[in-house]
Amino acid sequence: MNEMWKFQEHLRAFLAKFNHLSRQYDHTVNNSLEMERVINEYSKFVTDKGNLEVWDRLEHQKSSDFLQLAIDLRRESAICVAIMEKYRALKLQKGDVEITEYFKNIESCIEEEFGSFRLSSNSKVLFIGSGAFPMTPILIAKRTGAEVVGIDIDNEAIELGRNVIEKLSSGLNIRVEKVLVENLEFTKEATHIIFSSTVENKYDLLDQLYLSTNEHIVVAMRYGDHLKSLFNFPLQVVNPQRWKLVEHVRRPDHVFDVALYKKT
């Protein structure tokens, strides 16, 4: 019981830090080092196999307080990740290209993103939730030559993202737009779609995409279940008349896993 209590206290401490850091953001790089430190620490926490047993015991109890704590952490950490991407983009404008452990963790697994559904120079990739530092679209465009479009609903993220693309991927077929996915013409052409793990309504969007995508579309849904659900929105059941889960790309040492879907 003492171990479970300590675990929850640890989570509450993370939540307090996230709440504080998100309120401190002032559109400059102030507090960026503290944000990076906490996010890196949190990334290690949710990928630490030593925490799995305690998580499973707490999850099994189905305590409403604990479940709410997990939901709050998921949402607040997503906000802080978005802010940390803005910090990284702002630093790039000043010539600082240092990569934190969190970003290294994400970038190291982009090669495996689509499992057996490989990307090529003929691919057309849509990334939903591209953020202020669209590293996935940039890396895909650089490594495959594919056309990549990122979308986001945050005005500041779009502006910063365009600056990042101009600095890091000039000449590549890549762009970011502030537009709803159902209003984007590129959605009809896309061969592959990636959902950020921090997009809360991603399964609602997936359902909507059934009518606006081609029959061969492959969707990579980044997610986190169990302990990783503290840092990612989890897997959900899909409409079996529309979508089928065709492959899992599980990575125990990474902050999220990937579920691959095709149309039924």
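Student: Does Lys-228 count as buried or exposed, and why?

Tutor: In this predicted model, the general idea is that a residue counts as buried when its relative accessible area is under 20%. Lys-228 has 8% relative accessibility and therefore counts as buried.

Student: Where is Lys-228 found, and which backbone oxygen does its side chain reach?

Tutor: Lys-228 is found in the loop between strand S5 (218-223) and strand S6 (243-249), and its side chain reaches the backbone oxygen of His-254 at 2.9 Å. Leaving aside neighbours within four places in sequence, Lys-228 is in contact with several residues, among them Val-46, Arg-251, Pro-252 and Asp-257.

Student: Does Lys-202 count as buried or exposed?

Tutor: The cut-off is again under 20%, and Lys-202, at 1% relative accessibility, therefore counts as buried. Lys-202 has its place in helix H9 (residues 202-212), and, not counting residues up to four places away in sequence, Lys-202 touches residues including Phe-195, Met-221, Tyr-223, Phe-233 and Pro-234.

Student: At what angle do helix H2 and helix H4 pack, and what is their orientation to each other called?

Tutor: Angles from 65 to 115 degrees count as roughly perpendicular and those over 145 as roughly antiparallel. Helix H2 (residues 32-46) and helix H4 (residues 64-93) pack at about 130°, with their axes 10 Å apart, and the two helices are therefore oblique to each other. H2 passes H4 in a left-handed crossing.

Student: Which residues of H2 and H4 meet?

Tutor: Among them are Leu-33, Met-35 and Ile-39 in H2, and Leu-73, Val-81 and Met-84 in H4. By class, the contact of H2 with H4 has 10 nonpolar, 2 polar and 2 charged residues.

Notes
Residues numbered from 1 in each chain as written. Predicted model: local features only at pLDDT ≥ 70, side-chain atom pairs only at ≥ 80, totals over all residues. Heavy atoms only, no water. Axes fitted to C-alpha atoms, helices over the stretch in contact; angles between N-to-C directions. Helix = DSSP H or I, 4+ residues; strand = E, 2+ residues; numbered from the N terminus. Parallel < 35°, antiparallel > 145°, perpendicular 65-115°, else oblique. Left-handed = near helix turned anticlockwise from the far one by under 90°. Contact = heavy atoms within 4.5 Å. Nonpolar A, V, L, I, M, F, W, Y, C, P; charged D, E, K, R; others polar. Buried < 20%, exposed > 50% of the residue type's maximum accessible area, 1.4 Å probe, protein only. Polar contact = N/O pair within 3.5 Å; in protein donor to acceptor, adjacent residues only side chain to side chain.
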